[in-house]
Amino acid sequence: MELRGIEPENTERWLAENVPGLRPPVAFSLVSGGRSNLTYRVVDADGAVWALRRPPTGGVLTTAHDMSREWRFISALHGTGVPVPDPLAYCADESVTGAEFYVMGFVDGHVLAGPDSAESFSAAARRRAGLATVECMAALHGVDPDSVGLGDVARRDGYLERQLRRWQRQVHQSGAPDLALLDAVHDALLAKVPRQETGIVHGDFRPGNLSFSPDGEVLAVFDWELATLGEPLADLGWLLATWVEPGDELPPATALGPTAEPGFPTRAELVDRYVALAGRDVSDLPYYVAFQRWRSCCISAGVRARYLAGVMGDDGYVAEARAKNELRQAEAAWQAVQELS
């Protein structure tokens, strides 16, 4: 059966020449989840497993799916206190399979991506997973970009202004309809930008992009496509906007995760643990939560436009439901930004 995004013969030949220890023939399969960059499981003749990452097969927006950037971050952070998959090989030759791609070690862990994804975890492991998530985030924010060769990967000033400009531009370029409310939230956020510091920002830091051991420790951080230099509190704001608690009326800013289940720490406990480790002033967190709800709407609207155009992998995406959630997120962001001092 044809697998979108992979030219099997060309890719197999390239892998055999560039990935140490890989022995053809190989089998490819699309990893479930991930509606932006595509991740494939690669199994060779000996049963060894790797992971291959490439952009979507169409509708790619400028800078939105830069494989070389993602490769640079995991390569730089490999060997630090931030767990990432082993970076193995990068291919800039788009003739191999239609786009640049890279190969990394396959991390055999548990990703807490769906509402039932923590069923096998004990209450203690769930609590550990939640605290380990924010501990890993604090470790990332403690890495000096210059010390790992990332000091020149992006500008060091104006992170929020750049982000507001980028997502505003990209959501309009995507062809998504009905953007008046998002435009209004954008303008309100731009008018209330707080003072910013600079560190490494992952851009999508949440349990659904982490791999965990059965006892809740973080094995690896995935999906570095949005990583940049900027205000680290943006990552914490995103984690809070996506973290579900029992009784929440507003849906999370991304797909529903398992964190409302018994055992997981609360959002307040996550913040307390982060502050204890990072020693940062978090008084501007409400701004970053509002900003991340707006950003989530921009990303979701763009993904929905690409999916409806037929250029994303088919993994059960429900466009109508996501459109309704986008509206609720945009309304929540609008209300939150109006309440900022």
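Buried means a relative accessible area under 20%, exposed means over 50%, and partly exposed lies in between (1.4 Å probe, protein chains only). The legends below describe a predicted model, in which local features need pLDDT of at least 70 and side-chain atom pairs count only at pLDDT 80 or more, while totals for chains, interfaces and linings use all residues. Residues are numbered from 1 along each chain as its sequence is written, and side-chain values use heavy atoms, with hydrogens and water left out.

**Figure 1. Cysteines C298 and C91.** C298 is buried, at a relative accessible area of 3%. C91 also counts as buried, at 2% relative accessibility. A disulfide is taken as a pair of cysteine sulfur atoms within 2.5 Å, and the count by this rule is zero. C298 is in no disulfide, and the nearest cysteine sulfur, that of C297, lies 6.9 Å away.

**Figure 2. The protein chain as a whole.** The protein chain has nine helices and nine strands; helices (H or I, at least four residues) and strands (E, at least two) are DSSP runs numbered from the N terminus. Its radius of gyration is 20 Å, which agrees with the value near 20 Å for a compact globule of 341 residues; the radius is taken over C-alpha atoms, and the globule rule is 2.2 Å times the number of residues to the power 0.38. Along the principal axes, the C-alpha atoms fill a box of roughly 60 × 45 × 40 Å. Of the 341 residues, 53% count as buried. Contact means heavy atoms within 4.5 Å; among contacts between residues at least 6 apart in sequence, 70% join residues at least 24 apart.

**Figure 3. Strand β5 and its partners.** Strand β5 (residues 101–105) is mostly covered, with five of its five residues buried. Two strands pair if DSSP finds at least two bridges between them. Strand β3 (residues 49–54) pairs with β5 in the antiparallel sense over four bridges, and W50 stands opposite G105 of β5. Strand β4 (residues 87–91) is also paired with β5, antiparallel and over four bridges. Here V103 in β5 is the bridge partner of A89.

**Figure 4. E231 and the following helix.** E231 sits in the loop between β9 (228–230) and α6 (233–242). With 2% relative accessibility, E231 counts as buried. A polar atom of the E231 side chain lies 2.7 Å from the backbone nitrogen of E197. Not counting residues up to four places away in sequence, E231 touches Y159, R195, Q196, E197, V201, R280 and Y288. Helix α6 is largely enclosed by the rest of the structure, because ten of its ten residues are buried. Among them are L233, W238 and T242.

Figure 5. R156 is partly exposed, with a relative accessible area of 39%. Leaving aside neighbours within four places in sequence, R156 is in contact with D146, G151, T198 and L229. The side chains of R156 and D146 are joined by a polar contact of 2.6 Å. A polar contact is a pair of N or O atoms within 3.5 Å; within protein, one must be able to donate a hydrogen and the other to accept it, and residues adjacent in sequence count only if both atoms are side-chain atoms. R156 and D46 are 110 residues apart in sequence, and their C-alpha atoms are 46 Å apart in space.
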